[in-house]
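Dear colleague,

Please find the structure below, handed over for your records.

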Amino acid sequence: MERELTCIICPRGCNLNVEVNYNDGSNKNKYNNGYSKNYTIIVKGNNCPKGEQYAIDECINPKRTVTSSMRVSNRKDTMVSVKTEKNIDKDKMFKTMEYVRNTRVCAPVKIGEVIIKNIFGTNIIATENID
Amino acid sequence: MIDGTDKTKNKDKENFYEYTKKESYQQEKVENENMEIEKELYTEHNKEYDIEHDIVVIGAGPAGMAAAISAFDNNVKDVVIIEREEKPGGILKQCIHNGFGLHKLGRELTGPEYAAYYEKMVNERNIKIYCGTMVIDITKNKIITVQNKDGIFKIKAKALILAMGCRERSRGALNIPGTRPSGIFSAGTAQKLINCKGYSVGKKVVILGSGDIGLIMARRLSLEGAKVEAVCEIMPYSVGLKRNITQCLKDFNIPLYLSTTVAEIHGSGRLEGVTIAKVDENRNIIEETKKYIPCDTLLLSVGLIPENELTKNAGISIDNFTNGAIVDENRQTEQSGIFACGNVLQVHDLVDYVSDEAEIAGKGAADYVLNKLNGQIIIKTVPGNGVRYVLPQRINLIYEYNKNREDYKREISLFFRVTKPFGKIKYTVKLGDKVLNTAIRLKASPGEMEKITIKANDLEKISNKDEKITVNLEELS
């Protein structure tokens, strides 16, 4: 099965052609981790190794970084920008946003400070200094 | 001898005494005194400036900060930055999404992180940033009038770096017919309201313009729970980065309508809906394709305009295509000692390139202060077939007379944009008929800035001083 993807790793945006072949000859439409050793993925069009990794991830388990901002409870009219430390599963984006929306931060905050621990395998960290 | 001198002195004294008795002298004396007083007053109140600095940078965004750092590192230590907002960082403060710094720093940062990285470097060098300070005027003599809570004062700079950035085009520039309800925002304003102030701008959103800010906002609004009904783009292609189309639109199943615009705005009080319609190749609305979309918010992401009011005050001419100043390869404008970089010079798609450009301008300004810039011959660069503009617009041949300088063999980068999307193409840079460099690209889009380098010593062999450097594009099959 072939897929056309656009790499999102860097602004270059390579067009990737991905061919997924299942060893048992079937042409399954669904991808998940359970198939781990039963397929081969051939990536074409990438200009760097990161592109290949992105294409494989995108076929097996697409991931994204979520960025947002949170209210600072002890500062007037102030938000602190945050992001997920590592990429999280694409389908967990909205769930993550819910946690972010319902959390308040107390200043001072430093860049890199963990604000929510252990959420879908990663942390939410601050990306802005608030004095 | 002594007697003789005394006599003459006495004689002079007598003459002088008689002269002072005359009416004309009395009058003259009064006039002279008045003039003295006037002169004193004049110097007191019309002093040309209050403070002096070697280099003054206007704007503490990514361009301003990088330029100041670069100037400092190139041996001019008296550098100050003037910023009108309360915090440095410029537009990066509201760009909380990631994707910054991959080219420049080799890692992926969010906007505030990228700004903090540069702010830290500025602080390490003890470069002063005057926040909450607005520049009202600049002159070609590099006297800057600024205003803040302490009042109005004037700064004299040896070199001036303009890094004011750009602003968004507004609804007024588009002439969309219809009513004037609330709920129409420029994308950047909505971005600031949501990310920095924590407001919600609307629930059902249509976005006009598929530039990067529009695409980023489509994702941001979706994540915040709003429904983005459509992104409309008047051109037959999107001008945004491809990866943003994937991660901002496709991820959230937001439709992108190309060759489509907002034909009418409906609603009184709050926006109730918009009529979208297809356009033909001359961008005229095709009546039959009109379609009504109910929505309460319209975001406009329809282009950025470099903020060049101050530049014009200093008598610097503006390029019609970049809407920024005309500069040479050191980013020096027509007025010697005034430099420009960042989005005030040309609208960039990546902040990494802004930082690169600012470093050139910062080094240029430092070299100017240290009397290292002495351009002699100016060669113009012109866009050729398929190219919209080339920056820098002119190149100074300054190293002609001292070939022993190590940077004699330096490379000059030419930045340009193509007129429309192309497949496989070949760029050729020519000086007259002589080919200076060529490059092959698999694709090119007007949304992505292209770069090609030429060698300065190739320009030495210039035979005719009216010869121009052209960048041409050739389609390959």
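**Findings**

A nonpolar patch on the surface is formed by Met134(B), Ile136(B) and Ile152(B), which together have about 280 Å² of accessible area. Such patches are made of residues with over 30% relative accessible area and no salt bridge, nonpolar side chains (Val, Leu, Ile, Met, Phe, Trp, Tyr) being joined within 5 Å and like charges within 9 Å. Accessible areas come from the Shrake-Rupley method with a 1.4 Å probe, and for residues only the protein chains shown count as cover. Ile136(B) lies in strand β6 (residues 134-138) of chain B and is partly exposed, at 41% relative accessible area. Here buried means under 20% relative accessible area, exposed over 50%, and partly exposed in between (1.4 Å probe, protein chains only).

This is a predicted model, in which local features need pLDDT of at least 70 and side-chain atom pairs count only at pLDDT 80 or more, while totals for chains, interfaces and linings use all residues. Residues are numbered from 1 along each chain as its sequence is written, chains are lettered from A and ligands numbered from 1 in the order in which they are written, and side-chain values use heavy atoms, with hydrogens and water left out.

Turning to the interface, chain A and chain B bury about 2,600 Å² between them, 51% of it on carbon and sulfur atoms; this is the accessible area (1.4 Å probe) that two parts lose on being put together, summed over both. In chain A, Ile8(A), Pro11(A) and Thr67(A) lose the most area to chain B, together 22% of what that side buries. The contact (heavy atoms within 4.5 Å) takes 31 residues from chain A and 30 from chain B. Between the two chains there are 5 salt bridges, each a side-chain nitrogen of Lys or Arg within 4 Å of a carboxyl oxygen of Asp or Glu. Asp251(B) forms a salt bridge with Lys90(A), with the closest N and O atoms 3.2 Å apart.

Chain A contains 2 helices and 10 strands, taken as DSSP runs (H or I, at least four residues; E, at least two) numbered from the N terminus. Of its 131 residues, 43% count as buried.

Finally, Ile452(B) is found in strand β26 (residues 450-455) of chain B and is buried, at 4% relative accessibility. Ile452(B) and Ser413(B) are 39 residues apart in sequence, yet 5.7 Å apart in space, C-alpha to C-alpha.

With kind regards
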